[in-house]
Amino acid sequence: MPLYDYRCADCGAFSVLRPLAQWRDPAPCPDCGSACERYVSGAPAVSALSSAINRARAVNERAAHEPRSSRAGHGMGCGCCGGAKSPGRTRQTADGGKTFAGARPWMISH
């Protein structure tokens, strides 16, 4: 829900978090209760959005004028650019046996 600004003639300015469907409706003043009309004081309150929505919007804005190409640099699944498989837990002993780091010693592996 967006945050809208209202101004009371007697008490001054205040903000109300309301659904989009009620953007034209007057809001009651929190101090005196009189019906107050909405006024535009500046930029919309975008900071009230969640961080996930802000990140998605930033990615969309960046993609509009700086699309990433999969041909430049390393290909998909490159080990040096992250996303590489982590080393497994299997360790080899000197005599060729297998051990498992941090695993239960009584478990049998395949």
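Leucine 3 lies in strand E1, which covers residues 3–8. This placement comes from a predicted model. Leucine 3 has 37% relative accessibility, so it counts as partly exposed.

Leu3 also belongs to a nonpolar patch on the surface.

## The chain as a whole

The chain contains six strands and one helix. Their order along the sequence is β-β-β-β-α-β-β.

The chain has 110 residues, and 8% of them are buried. Its accessible surface is about 9,300 Å². Carbon and sulfur atoms account for 55% of that surface.

Contacts tell another part of the story. Take those in the chain with a separation of 6 or more: 18% of them join residues 24 or more positions apart.

## Aromatic rings

One aromatic pair is present in the structure. It consists of tyrosine 6 and phenylalanine 14, and the pair is stacked. The ring centres are 5.8 Å apart, with 20 degrees between the planes.

Both partners are on the buried side of the cut-off, which is under 20% relative accessible area. Tyrosine 6 has a relative accessible area of 0%, so it is buried. Phenylalanine 14 is buried as well, because its relative accessible area is 12%.

## A charge over a ring

Arginine 7 meets another ring, that of tyrosine 39. The charged end of arginine 7 sits over this ring, 4.0 Å from the ring centre.

Technical notes:
Residues numbered from 1 in each chain as written. Predicted model: local features only at pLDDT ≥ 70, side-chain atom pairs only at ≥ 80, totals over all residues. Heavy atoms only, no water. Patch = residues over 30% accessible without salt bridge, like charges linked within 9 Å, V, L, I, M, F, W, Y side chains within 5 Å. Areas by Shrake-Rupley, 256 points an atom, 1.4 Å probe, with all protein chains shown as cover. Salt bridge = Lys/Arg side-chain N within 4 Å of Asp/Glu carboxyl O. Helix = DSSP H or I, 4+ residues; strand = E, 2+ residues; numbered from the N terminus. Buried < 20%, exposed > 50% of the residue type's maximum accessible area, 1.4 Å probe, protein only. Contact = heavy atoms within 4.5 Å. Phe/Tyr/Trp six-rings, centres within 6.5 Å; stacked < 30°, edge-to-face > 60°. Lys NZ or Arg CZ within 6 Å of the ring centre and 35° of its normal.
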